[in-house]
Amino acid sequence: MYRVACVGYTNAWPLTRHLDPRVFEVVPCVPSEAARLLREREADLGLIPVAALLTDGDWRVAPGHCIGCDGDVASVLLVGETPIEEWEAVALDGESRTSVVLAQILLKGPLGRPDLRVYPVDAGTGAFHAQGRTGAVVIGDAARNLPARLTTRIDLGRVWKDWTGLPFVFAVWAGRADVGTEAVAGLRAAAEKGLAERAFAPAEDRHYLTANIRYELDDKALMGLRRFAALGHAAGLLARDTFSLYGPSAAPRPRRVDLDTLLARGAEGDRLTLDDGVRLETEARLEDLGNAAHQRRLALHPGREVTYIISRNINYTNVCVTACKFCAFYRPKNHPEAYVLTREQLHQKLTELVACGGVEVLLQGGLNLALGIEYYEDLFRWIKANYPVALHALSPEEIFHIMSVSKLTMEETLDRLIAAGMDSMPGGGAEVLVDEVRKRIAPLKCTSEEWLAVMRMSHQKGLRSSATMMFGVGESSRHRMEHLVRLRDLQDEHGGFTAFICWTFVPENTYVQPGNNTAAAWLRTNATSRLVLDNFDNLQASWVTQGPGVAQASLTMGCNDFGSVMLEENVVSAAGSTWAMTIDDVEHHIRTAGFVPVRRNMRYDHLEVRDVRAQPGV
Amino acid sequence: MTELSPVSVRAVDAAGLSDIRAKVQAGVRLSFEDGVRLYHTEEIATLAALANLDRERRWGDLTFFNRNVHVNTTNVCEASCIFCSFARLKTGDAGAYTMSIDEAVGRIRALRDELITEVHIVNGLNPDLPWGYYPDLLRAIKAERPDLHIKAFTAVEIHYFAEKYGKSYREVLEELRAAGLGSLPGGGAEIFHPRARRKLCHDKVDADGWLEVHRVAHRMGMRTNCTMLFGSIETVEERIDHMVRLRSLQDETGGFQTFIPLRFHHENNRLQRLKEPTGFESLRTYAISRLMLDNIDHIKAYWVMLGMKLAQVSLNWGVDDLDGTIREERIYHMAGAKTPQELTRAELVQLIRDAGRVPVERDTLYNVVAEA
């Protein structure tokens, strides 16, 4: 039970009447007593005038609600029988110190009467003292029922608002720092209920409670309170110029002993279930996941080597009929920016690639209805005949496209492409291999089963491929783990996947609302992937999407490969990811992370290479 | 009590750091040699495990940020620090500026509808300004917005004022405090060790002077911050030496609130031949700072120069404070920082939540300002 000091003013009941009696015991009092009750520990929380808050103990303020105004307040006035210009003194009614401090600040400021003599009078006697050339501060319900002789009535809420542009806060819920968060939540719940009932208040109060009193302790109100604290403190009227709200708890999360076994099993390469994956990804600490993933990586690749490949991503066409909502690269066929690369353009790109020591071309494009199997066969043969590079080409999506344009079976298509020189297949277009996610973000793309079927047949025919996952599109952890388990199941069949690469969705210039696509999420999912994909040899760090620094961190959290020095990457850069690195940069980042850079080919064989870094343009 | 999981214990021990792990777990102070050894491990996930243990013991998942405004009222500067892209400008040089007090106040007035709580002022060492400019500037800001805490002038500037205008540190600080100064930022520390300091900024206040300014400020009851510029020409030993000097002063005064490691940028200055420190270097420096500076409450990452992705990830390497929603930023952008100049509060809060942390909006003195 929390003892709550509550004042009986009209303006307080919306905050106090619905305090849950199972949580709160109401201690009725007048405003000046509320602070004393708190100080003397006869109450745990109270509706505290802000002057007391800024004078007395080290209390915390409950966020959410207060008693304030934003303009006319009607119940805090300077009153007199004569105009303020004629006054010689002001009686300060002891009922409310906050109003008294406010009045003194305003007399010195916008009211322009810093010269007035002020003197305290007993609580509730303000109106009585307002006579002749003496004005008075009157507050509360008394201020709303003034005798007719008091013709000067200056609303201090209005004067404050006109001067500062801010609301004024008279009282807040405040209490000792150690009050639990459930009490703070209880105050808010009571206020929400009570405020909704203002509509049923007696007619004479309704306007006051809805138009005069402002109950929100929002940014504006907090600014008003901070301004008051600063001014009152500077004027020597308030002891403190700052205050603190109740915040969330700083207590550390306890270690989850039940996850230790799972982490250890993952680190040992034991097979984890889909549920295990979800638990690790959502509940383990990032550094524990990372250390477990690194242990697994070291078991698979004991040295301190980190591989990378020099590759060129050639997007042979940007014409596409799929219109995926997350894609910023595609163009419809008659769009002015639509293209299919010419042989001259391809020649230049491939020549540059070879000159830079490139060993692989990554050939991917849109689904262009003008391009059938003959286009690909010609292109592949021409490339293989003229350039010493491996052909890492086409995604499952493109295979389906060729099947449909050229009316071929999957087997015929793959056989003809392999005969034309295709060496391996990148794992693009996998996105998240769960149809409810795919339907939402890429409704025209092949289903998960179809994607896997192309991969399965490719692996049967001896093609190797990589596997990818693009996440952060609002999918769940379970969706991601389903994806990993599907890849793992297929890998059990033929072992055709060389590596797994995951990256986060880059939302710029696309139509998909991102989910958690941050770097922290990527490190977590990537490390979990290392543990779940027990039959994958290699994990690539996607520096293109995460930036080189985060990619470095992933080298001790599951990754053993730094991807490629890519001479081109149109798709991700179209969506706003702008990292670019030269061979020097890639090697520097690998080295400074404490590893030895080793160049590889598409099959992850380590290469002995001549140093091409001296060449211009690399 | 937060503890290390066995998988992280195994990783730390495999990296040869079991004795340091035992100290961290027991809350025992790390030695200079321990700090150097931590810098020699390449397994930075193990540093994350150690630093995060310490961070969560202090703050759990809390991650602090504040809404402030940065104002650099002059970039004219007599000093010739070789890492600076901003300085050695004379009045009248192309790109040199000195704001009038009205202009500076105008920057504050433009934010009159926002719940900012702090103004952060760092300037060049401008030989053409009279002493009165500085207290007048503070008074004018306080008159416009009395609720703002003014965190202004690095120890380098305070030292320059003292020398140029013939005052003691204390006199300078007293006059500025009377005009509204609330606390000192931590800039200008760079690297304390004389070898590196001579190369980086030979005509700037030395380590003892920098520390003495903060000592005086702390004795007057002011809180201050401290920094370290890492990744230029200093050695690992010089970084640890820097941390140990700060730790010693903190033992004496307890006045430092926050340590902010600042990453060296190389564009538009005289150190372009140097490679900038990588993200790896930043992360391990955060972690080692957290572990070495056992008597300083907070470690802050400055996302304007680090990038949002690394800044978010740093929350697992000892950082508990992100310098957030900055609306005016000149210094790092002239040195080629490629990150956005400002984030909205909602974006920063989401970034913190997406890292699994709990955002807390603070003021300069770490009071909770508003719900996040």
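# Briefing on a predicted two-chain model

Where pLDDT is low, the predicted coordinates should not be read in detail. Chain A as a whole averages a pLDDT of 91, and 96% of its residues score at least 70. The model is predicted, so local features need pLDDT of at least 70 and side-chain atom pairs count only at pLDDT 80 or more, whereas totals for chains, interfaces and linings use all residues. Residues are numbered from 1 along each chain as its sequence is written, while chains are lettered from A and ligands numbered from 1 in the order in which they are written.

- Chain A is divided into domain 1 (2–69 + 167–245), domain 2 (76–164) and domain 3 (288–599), with bounds that come from an automatic or database domain assignment.
- Taken over C-alpha atoms, the centres of domain 2 and domain 3 of chain A are separated by 74 Å.
- Apart from neighbours within four places in sequence, A:Val172 is in contact with A:Ile48, A:Val50, A:Leu53, A:Val61, A:Cys66 and A:Leu217.

**Contact between the chains**

- The contact takes 54 residues from chain A and 51 residues from chain B.
- On the side of chain B that touches chain A, the largest share, nine residues, comes from H4(B).
- That side of chain B has 23 nonpolar, 14 polar and 14 charged residues, where Ala, Val, Leu, Ile, Met, Phe, Trp, Tyr, Cys and Pro count as nonpolar, Asp, Glu, Lys and Arg as charged, and the others, Gly among them, as polar.

**Strand S8 of chain B**

- Five of the five residues of strand S8 (residues 298–302) of chain B are buried, so this strand is largely enclosed by the rest of the structure; a residue is buried if 20 or more other C-beta atoms lie within 10 Å of its own, exposed if 12 or fewer, and partly exposed in between, with C-beta atoms placed from the backbone.
- B:His298, B:Lys300 and B:Tyr302 point one way from S8(B), while B:Ile299 and B:Ala301 point the other way.
- Strand S7 (residues 256–263) of chain B runs parallel to S8(B) and is joined to it by two bridges, with B:Phe259 opposite B:Ile299; strands pair if DSSP finds at least two bridges between them.
- Three bridges join S8(B) to strand S9 (residues 321–323) of chain B, also in parallel, and B:Leu322 is the bridge partner of B:Ala301.

**Loop residues**

- B:Phe153, in the loop between strand S4 (149–152) and helix H7 (155–165) of chain B, has a positive phi near 70 degrees although it is a residue other than glycine, and B:Phe153 counts as buried because it has 25 C-beta neighbours inside 10 Å.
- B:Tyr366, also not a glycine, has a positive phi of about 70 degrees, and with 18 other C-beta atoms within 10 Å it is partly exposed.

Note on methods: Contact = placed C-beta atoms within 7 Å. pLDDT = per-residue confidence, 0-100. Helix = DSSP H or I, 4+ residues; strand = E, 2+ residues; numbered from the N terminus.
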